[in-house]
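Keep the sequence panel within reach.

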Amino acid sequence: MAWRSQLSKNLKELRVLFCQTSPASAEARAFVEKNYADLKTLNPKLPILIRECRGVEPQLWARYDFGVEKGIRLDGMKEGQISKALEDLVKAGEALKA
C-alpha cells in the first residue's frame with residue numbers, strides 16, 4: 001500500500017467524522033483504531049483530524065491545495081471499502097496537481 005505514504009504529498013488535511021456510539025459508525029471507528037497510527041507514522045506532518053459528534057453520519061474528507069475539498073459518506077462501508085475510499089481521495093489529489 002504505497003499510496004499510504006503519499007497522503008502528505010497529495011493532501012493538505014484529512015478529516016474523519018463519526019458518531020461515538022452509533023452502529024452506522026462502527027466500521028469508521030474500527031478503521032481509525034486500526035490505521036491511524038500507521039497513517040500518522042508515514043505522514044507525520046499531515047493533519048489527520050478525528051471528529052466525533054453524536055448522530056453524525058460517518059464521513060471522510062480530504063482537503064487539497066487551494067481549499068478544494070472532497071468528501072465521501074462511509075455509511076454502510078466495511079473497513080476495506082473505507083481504505084479504498086481513502087486511496088481514491090489520495091489519487092484524486094494527485095490528479096488535481098496534473
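This is a predicted model: local features need pLDDT of at least 70, side-chain atom pairs count only at pLDDT 80 or more; totals for chains, interfaces and linings use all residues.

**Stop 1**

Select the four strands. They form an open sheet in the order E2-E1-E3-E4, with mixed pairing. E2 and E4 are the edge strands, each pairing on one side only. From one strand to the next, the twist averages 15°.

Now select E1 (13-18) and E3 (59-63). These two run antiparallel and are joined by five bridges. Pick valine 16, and look across to leucine 60, its bridge partner in E3.

The E4 bridge partner of leucine 60 is isoleucine 72. So which residue in E4 stands opposite alanine 62? Select lysine 70 to see it there. As a general point, strands of a sheet pair through backbone hydrogen bonds, either parallel or antiparallel.

**Stop 2: helix H2**

Select residues 26-42, helix H2. Its end C-alpha atoms are 25 Å apart. Why does that agree with the length of the helix? At 1.5 Å a residue, its 17 residues should span 24 Å.

Next, center on asparagine 35. H2 bends by about 50° there. Asparagine 35 is also among the buried residues of H2, along with Ala28, Arg29, Ala30, Phe31, Val32 and Leu39.

What do these buried residues pack against? Show helix H1 (7-10), strands E1 (13-18) and E2 (48-52), and helix H3 (79-97). Then turn the view to see H2 lying across E1 and E2. H2 runs at about 160° to E2.

**Stop 3**

Select asparagine 10, in helix H1. Is it buried or exposed? Asparagine 10 has a relative accessible area of 8%, so it is buried. Leaving aside residues up to four places away in sequence, asparagine 10 touches Tyr64, Val90, Gly93, Glu94 and Lys97.

**Stop 4: the hairpin turn**

Go back to E3 and E4. They form a hairpin with five residues between them. For context, most residues other than glycine have a negative phi.

Now show the side chain and a surface. Phenylalanine 66 is exposed, with a relative accessible area of 85%.

**Stop 5: the cysteines**

Select cysteine 19 and cysteine 53 and display the sulfur atoms. The disulfide count for the model is zero.

Compare their surroundings before you leave. Cysteine 19 is buried, at 2% relative accessibility. Cysteine 53 is partly exposed, at 43%.

Technical notes. Residues are numbered from 1 along each chain as its sequence is written. Side-chain values use heavy atoms; hydrogens and water are left out. The expected span of a helix is 1.5 Å times one less than its number of residues. The bend at a residue is the angle between axes fitted to the seven residues ending there and the seven starting there. Buried means under 20% relative accessible area, exposed over 50%, partly exposed in between (1.4 Å probe, protein chains only). Contact means heavy atoms within 4.5 Å. Two strands pair if DSSP finds at least two bridges between them. Axes are lines fitted to C-alpha atoms, for helices over the stretch in contact, and angles run from 0 to 180 degrees between N-to-C directions. A disulfide is a pair of cysteine sulfur atoms within 2.5 Å.
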